[in-house]
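Subject: Structure handover

Hello,

Here is the structure for you to look through. Please open it first, then read my notes below.

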Amino acid sequence: MKLRNVRTIVASAVFLVLAVCLVTGVSTGTLCGFGWSDIALLCPLGAIETMIASRMLVPRALVSIVVIAGLVFFVGRAFCSWVCPVTVLNHVRDFFTPQKKRREAQAQRESENRDIARFEIAKSLGHDCSSCKAVRSKQSKLDSRHAVLGGAILSAAVFGFPVFCLVCPVGLSFATVLVVVRLFGVGDVTWSAIIIPAMLLIEVLFLRKWCTRFCPLSALMNLVGRFSRTTVPEIDNALCLETSKGSPCSKCASVCSFDINLRHPEYGELGKRDCSRCMDCVQECPAGAIRMVAINKAEEPFAVLPQVEKVFESASTTNGA
């Protein structure tokens, strides 16, 4: 079974259990604040907004921030791929997208990543790549997610209320379940039964790059996750098709849900430190060159192996003759 399906099942199960508890009145909370009685973890962004809005330190909020920061330090943004309901909603949206359109988008993405691989292989060997398509780095110095994060925190300070919590898709997911149950269960007809699901649909359908360009919670995790060196994917250059054979593969970049280019990080929407530990790259690598390591001690720079360079030089000599 593909890990994508496993993650969807896990995230769906978590959401369904918490949604049932919410509807039936069992005090477990939601992903915005999960726990039991006095033992609970709050959403770190919601905790920060609440303290800023109230202008006071809240012990439970501080504890939640520290605990979640520790989790992110060890497992990165695993929450995004294995638990967050937005991931499930994205999969549902993709399921209803015409198959032809999905194939065309995937083919285009694979083509772009192969162009990047060709360019980098030629550059690494010191060859003129006049036949390669022009490629450019996708990452910019200004991460739009951090701009949204700054706006969320500023709005809480200005309005004295955690404003972003009103539009957070995680909270809207549970709120949608609640208003729908009340609508059909007790006939509670209010504008919220229309507005809340509509806001969620708008964010899922029209902000398709929510996780990579807009999510402030993702930006907050990035501030800690960039220091994480545990349970990360690592490429073995001796097995990777690009470094061992000079073959422009880039399968790892094409299958990543968060558009991270593990082989050539500067060409992805996000950097390697935003890895969500989804492990799609590990499962889909045709050469089995990627593995999850307990501790990543040092970054191995991209460089083709000597035998590949000899093949290129031999080919150049033959063509010249």
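A salt bridge here is a side-chain nitrogen of Lys or Arg within 4 Å of a carboxyl oxygen of Asp or Glu. Keep that in mind for the charged network below.

First, the ground rules. This is a predicted model, where local features need pLDDT of at least 70, side-chain atom pairs count only at pLDDT 80 or more, and totals for chains, interfaces and linings use all residues. Residues are numbered from 1 along each chain as its sequence is written, and side-chain values use heavy atoms, with hydrogens and water left out.

**Salt bridges**

The structure holds 13 salt bridges. Arg77, Asp143, Arg145 and Asp274 are linked in a network of them. Asp143 pairs with Arg145, with the closest N and O atoms 2.6 Å apart. Asp274 also forms a salt bridge with Arg145, at 3.1 Å between the closest N and O atoms. This second pair links distant parts of the chain, 129 residues apart. Arg145 sits in helix H7, while Asp274 is in the loop between helix H13 (251-255) and helix H14 (280-284). Helices (H or I, at least four residues) and strands (E, at least two) are DSSP runs, numbered from the N terminus.

Is Arg145 buried or exposed? Its relative accessibility is 0%, so Arg145 counts as buried. The cut-offs are these: buried means under 20% relative accessible area, exposed over 50%, and partly exposed in between (1.4 Å probe, protein chains only). Asp274 is buried too.

Another salt bridge joins the side chains of Arg213 and Glu269 (2.8 Å, N to O). This pair also links distant parts of the chain: Arg213 is in helix H10, and Glu269 is in the loop between H13 and H14, 56 residues away. Arg213 is partly exposed, with a relative accessible area of 34%.

**The sheet**

There is an open sheet of 3 strands, in the order E1-E2-E3, with antiparallel pairing. Strand E1 (29-30) and strand E3 (39-42) stand at the edges with a single partner strand each, so one side of each has no neighbour in the sheet. Two strands pair if DSSP finds at least two bridges between them. E1 and E2 (residues 33-36) are joined by 2 bridges. They form a hairpin with 2 residues between them. Across it, Thr30 has Gly33 as its bridge partner, and Gly29 stands opposite Phe34. E2 and E3 are joined by 4 bridges. There, Gly33 stands opposite Leu42.

**The cores**

A nonpolar core is a set of buried Ala, Val, Leu, Ile, Met, Phe, Trp, Tyr and Cys residues joined through side-chain atoms within 4.5 Å. The largest one has 28 residues. Which residues have the most contacts inside it? They are Leu45, Val170 and Phe258. Six helices each supply at least two of its residues, namely H1 (3-24), H3 (59-75), H7 (144-159), H8 (169-185), H10 (210-214) and H11 (216-225). H11 gives the most, with 4 residues.

Contact means heavy atoms within 4.5 Å. Leaving out residues up to four places away in sequence, Phe258 touches Arg77, Cys80, Ser81, Cys211, Thr212, Leu270 and Ser276. Another core lies apart from the largest one; it has 8 residues, among them Ile235 and Cys240.

**A buried helix**

In helix H5 (residues 85-95), 8 of the 11 residues are buried, so the helix is largely enclosed by the rest of the structure. The buried residues include Pro85, Asn90, His91 and Asp94. Among the elements covering them are H1, H8 and H10.

**The largest pocket**

A pocket is found on a 1 Å grid over the protein atoms alone: it is an open set of points where a 1.4 Å probe fits, with protein on both sides within 12 Å along at least five of seven lines, and lining residues have an atom within 4 Å of a point. The largest pocket has a volume of about 1,400 Å³. That volume is the space filled by probe spheres set on the points, which are joined across faces, edges and corners. Its lining has 39 residues. Arg4, Asp94, Gln106, Arg109 and Ser257 lie nearest the centre. H6 gives the largest share of the lining, 10 residues.

Best wishes
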